[in-house]
Amino acid sequence: MLAFGAVVFIALALVMATLPRLLDSYFAQQEEKDLATRAQIVGLLLADRIFEAQGLGTANPRPVLLPTDPPRAAEEVTQLLGSADAGLVRTLAQRIAQADVEVSIAVSRDDPAAVVYRLGVPVGEEIASPGQQREPIAQSWSVALPDPWWTQFAQAAPTRLLTVRLSQPFTFRAQTINTIVGVMLAAAALALLVAAVASLLLADRLTTPIRRLTQASRSLAEGQLDARVHAPPSGSPELSELAVAFNRMAERLQASIEFVRRDRDRSRDFLADVSHELRTPIAALRTFNELLQEGSVDEATRHEFLESSRQQIERLDWLATNLLELSKLDSGLIALDLRPDDLRAVVESALQQAEATAERKDVSLSADLPTEPLRQRHDPQRLGQVLANLIGNAIKFTPAGGRVEVRLRPTEDGAELAVADTGVGIEPAELPHVFERFYRGSGANELRATGSGLGLSIVRSIVEMHGGRVTIESAPGRGTTVHVLLPRASTER
C-alpha cells in the first residue's frame, strides 16, 4: 500500500513540477501568435481607412506623404490616425489590440528605416479586465501603401510602408496558468486520496487470501487437517490457483494422514486379532500337554488329546500360512503371472478340488460356464486361490442338501465370476465387514470358528491386484452370492 501511494505521489510531483513550465511556454507561444494576429488586424484596418480617406483607389487620389523636404505625412492622414490621447489608433489600441500601439509610415518599403511619421499610443490599466496582466512581448506587421498621387508629376508612384507594432499586451496567461495549476493541485490531492483508498482496498483484497492461506497453513501445522482456503471467484487468478493448489495439498495430506491412521488402527487391530487367534490353540495345546504330563489319563483320552493337539497345530499352520500370504499381497511382494488363458479352466480346476469336500457335506456343486472359450489375461494360480476360498466358504456355510453354483459369463468390460450358495446367509449389518481381517459375524459362530477369518481378505486383495472388484449379496436363510468382476485389461499392481 505504501509503495503504491509513493508511486502515485512521485508521479504527481513530477507532473506538478513540469506542468507549470510547459503551460507557460505553451501559452507564451499562443499569446505571441494572438498578438501577431491582432497587429495584422489593426494594420489592415488602418490601411483600409487610409485608402478610403486619401481616395487611393479613385481617379483623384490625395498624397499619403507630402512632397516636402523632408517628406511629411499628409494632414488628412495625421487627423485620421489621431494623437496618443484620441483618434482611430487610440480606439483600435483599446478595443482590438489591448496593447501599446506604435504606428509608423516609412518613405519606401525598400527603406523601412526611413520613417517619416510615427505615432505611439500607450494604453492604461483601465482597459484591463480582472485577471489580466501585461506580457513583455511585441509583434509587428507591415503593409505597402501605393501613393498614386505622385504620378501627376510624371514620377513613378512610390510605395509607402505602414508598420504597426503591438507591445506589452494585456493577457490572461498568468491567471490561466494559476487556474490550471490550482485545478491540477486539487486533482492531485483528490488523486492521492483516491489512490490511498484504492490502495487500501487493493491491499485488503490481495492480502486477505494470503492471510487466509497463512492461517490455514498454521491450522494444518496444528493438526487441523480439515482447514481449507476459500478463493473468491473475482480474485486474482494467481491467488485462486494458489488456493486451489493449497486445498489439493491439504486434501492429499489429510487423506494420507487418515490412511496412516487407519493403517495404524488396522495394524493394531490386526495384532490384537492375531494374538487372540494364536492364544486359543496355544492355550489348548498347553492344557493337553499338562494333562498328558500328569499321566492320569487313560489310553483313549490320551489318543483324543493327541488328535485335538494335531488339529490345533494344523490350525496354527493354516493361520500362519494365511497371515503370510495376506502380508505378501498387501506389501506387493507377490507379482501376478498374467496369461491370456481360458477362464473356464480355472473354474473347472477349482470345482474338481472342492468336489470331495462337497460330497462329504452332501452339498450339490455345479457350474454354469459359457460354451465358447473366454480368454482373458489373469493369473491362473491366484484366481484359482480366489475361487477355492469362495467355494470353500460356500460349502462350509451351506447345510446338507443345499447347493453351490459357480457362474462365469462375459461382460462389456471383461468377465464376471459368481459363487452362489443356499446357505445360512449373512445379516445386512455384517455385509460391509465380511472382507475385514478376522471378522466373525454373529451368525454361525460354530462354523466360523474353524477358519482363520482371512479368506475373504485374501480374495479381495487378489481381485484388486487384477484391477477388479468383489461384491457380496446375502440375506439370512436365503444364501449368499459373491460377484468377482474382472476387467479385460488386467493390470498387475
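**Entry 1**

I looked up V197 and found a relative accessible area of 42%, so V197 is partly exposed; buried means under 20%, exposed over 50%, and partly exposed in between, with a 1.4 Å probe and protein chains only. The model is predicted, so I noted that local features need pLDDT of at least 70 and side-chain atom pairs pLDDT 80 or more, while totals for chains, interfaces and linings use all residues. Residues are numbered from 1 along each chain as its sequence is written, and side-chain values use heavy atoms, with hydrogens and water left out.

I located V197 in helix α4, residues 173-221. Helices (H or I, at least four residues) and strands (E, at least two) are DSSP runs numbered from the N terminus.

**Entry 2: the largest nonpolar core**

I next looked up the largest nonpolar core, which has 37 residues. Such a core is a set of buried Ala, Val, Leu, Ile, Met, Phe, Trp, Tyr and Cys residues joined through side-chain atoms within 4.5 Å. L46, L81, V89, V101, L162 and L166 touch the most other members. Among the elements that each supply at least two residues are α2 (75-81), β3 (100-108) and β7 (159-167). Helix α1 gives the most, with six residues.

I then followed V89. Leaving aside neighbours within four places in sequence, V89 is in contact (heavy atoms within 4.5 Å) with L46, L81, V101, V103, L119 and V121. I also recorded a second, separate core of 36 residues, which includes A358, L383, L431 and F435.

**Entry 3: helix α3**

I listed the buried residues of helix α3 (residues 88-97): L88, V89, R90, L92, A93 and A97. Just after α3, I found Q98 with a positive phi of about 50 degrees.

**Entry 4: an aromatic pair**

I found one aromatic pair in the structure. Rings of Phe, Tyr and Trp (its six-membered ring) pair if their centres lie within 6.5 Å; planes under 30 degrees apart count as stacked, over 60 as edge-to-face and the rest as tilted. The ring centres of Y26 and F27 are 5.4 Å apart and the planes stand at 70 degrees, so this pair is edge-to-face. I noted that Y26 is partly exposed, with a relative accessible area of 45%, whereas F27 is buried at 17%.

**Entry 5: R382**

Is R382 buried or exposed? I found that R382 counts as buried, at 14% relative accessibility. R382 lies in helix α8, residues 380-396. From R382 to L338 I noted 44 residues in sequence and 9.8 Å in space, C-alpha to C-alpha.
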